Amino acid sequence: NDGESTQMNNKNDREFDVIVYGATGFTGTLVAEYLLRQYGLDGNLKWGIAGRSASKLESVKESLGERATDLEVIVADSRDRSALAALAARTRVVLTTVGPYALYGSELVRACVEAGTDYCDLAGEVQWIRKMVDTHHERARETGARIVHCCGFDSIPMDLGVFFLQQAAKEQYGGYCHSISLFVKATKGTASGGTIASMMNIVQEAKKDRSIARMMANPYALNPEGEREGPDERDQQKVLHDKDAGCWTAPFVMAGVNTRVVRRSHALAGYPYGRDFRYREAVLTGNGVGGWFKGSMMTLALGALFVGISFNATRKLLQKFVLPKPGEGPSPELQKSGFFNLMQIGKLADGSVLRTRITGDQDPGYGSTSKMLAEAAVCLARDDLDARGGVLTPAFAMGDKLLARLRDNAGLTFDVVD
């Protein structure tokens, strides 16, 4: 429509391709370092950094060295509506690392929707993403703003992994898999302080409002209205033996986000894999008694963490002595020595099985996540994408184009395994 094409034209005339909002935080700084390293400052990507503190932004700019001398710095507080509107109007894409998003993200999304500006973040907060879908999806379709949540380790490898596997199934077998299971084989790295802070906020919100807890328990919570049911049940809660993987499995802490993102991608695409398509995630823990024991310990630890952050006294102790704080993160050496290795098993209706492997060359929470988020922003800014406006998902919004960028630039692999 005319309104949308006008917005798109305006978008092309903007001063910046990407503005990194929250560049003074740990992950935001990693994103800025990556963009400088990968794209420079005077090349065909025009980008700047933004946040609420001018002095902190200047010190980030200084830490980036001489190549960043001309890097533009923009000051905008996450609650200052007019400053956020001005920021959104200057760029094609806003990339934000400022979480928990339920506390600090809503006004920025609103500003981007109204300006017709594309947006990507690291949100893994189902209750908040659902709110953004309900509040902004229709308006974003009108303005042409592509709002893409979950552009880090949750949920790019999983969401793009399903997209990749289904493309391979179509090519190899002429049809799509009716079920896919994703298994975490191995990871090395720490959970980010931002992820922990978001998790704590989710638990607090769910305790205050039981309707939030009920909504988050729905496997189809992020599907379009009227399409929030299907064959999938609750995420795995206990140790189970998986006959396809041939070993014991434990619950995966991020499944509650990733599975819902994958189902939203499928719904937005018009259910190409069929309304009976099923998707699940778990962690591989090994064979025999050892595999069962490891799975049991992981399940207990996960349960204890959620119980611990549910009560004020234990939560404060965990925050003080155990959990990483927002803005803190591992050393560059630890980031580089980290990795992740995921396996997918897809089954077609005729019994054919297709396996894929997805890997990342740095720790999932910081090193890989910052590269994925940066490439998602560049993809939205520079690539010719089919997806128009709305509250979208990485696979639906960017598909093949993002897959290529992740492989070429961000150290991810997606391979069919014989």
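**Close-up views of a predicted model**

View 1. Helix H8 (residues 156–173) lies across E7, E10, E11, strand E12 (353–360) and E14, running at about 145° to E12. The strands named here belong to an open sheet of 7 strands with mixed pairing, whose order is E8-E9-E10-E7-E11-E12-E14. E8 and strand E14 (412–417) stand at the edges of this sheet, and because each has a single partner strand, one side of each is left without a neighbour in the sheet. From one strand to the next, the twist of this sheet averages 35°.

**View 2. Pairing of strand E9 with E10.** Strand E9 (residues 247–250) pairs with E10 in the antiparallel sense, and the pairing extends over 3 bridges. Within this region, Trp248 stands opposite Gly286, a residue of E10.

**View 3. The second largest pocket and its lining.** The second largest pocket holds about 420 Å³ of space and is lined by 22 residues, of which Ser181, Asp232, Arg278, Tyr279 and Arg280 lie nearest its centre. At least two lining residues are supplied by each of strand E7 (179–188), strand E8 (240–242), helix H11 (255–268), strand E10 (278–286) and strand E11 (339–347). Divided by class, the lining of the second largest pocket comprises 12 charged, 5 polar and 5 nonpolar residues.

**View 4. Strand E1 beside strand E2.** Strand E1 (residues 16–21) and strand E2 (residues 47–51) are paired in the parallel sense over 4 bridges. Ile19 has Gly48 as its bridge partner in E2.

**View 5. The largest cavity.** A search of the whole structure for cavities of 30 Å³ or more finds 1, and about 60 Å³ of space lies in the largest cavity. The residues that line the largest cavity are Ile129, Val133, His149, Cys150, Leu222, Val261, Arg264, Val391, Leu392, Thr393 and Pro394. H7, H11 and E13 each contribute at least two residues to this lining. By class, the lining of the largest cavity has 8 nonpolar, 2 polar and 1 charged residues.

**View 6. Gly99 in its loop.** Gly99 lies in the loop that stands between strand E4 (91–96) and helix H5 (101–104). Gly99 counts as partly exposed because its relative accessibility is 29%, a value that falls between the cut-offs of under 20% for buried and over 50% for exposed. Although Gly99 and Gly124 are 25 residues apart in sequence, their C-alpha atoms are 9.7 Å apart in space.

Technical notes: Residues numbered from 1 in each chain as written. Predicted model: local features only at pLDDT ≥ 70, side-chain atom pairs only at ≥ 80, totals over all residues. Heavy atoms only, no water. Pairing = 2+ DSSP bridges. 1 Å grid on protein atoms, 1.4 Å probe; cavity = no way out; pocket = protein on both sides within 12 Å on 5 of 7 lines; lining within 4 Å. Points joined across faces, edges and corners; volume = space filled by probe spheres on them. Nonpolar A, V, L, I, M, F, W, Y, C, P; charged D, E, K, R; others polar. Buried < 20%, exposed > 50% of the residue type's maximum accessible area, 1.4 Å probe, protein only. Axes fitted to C-alpha atoms, helices over the stretch in contact; angles between N-to-C directions. Contact = heavy atoms within 4.5 Å.
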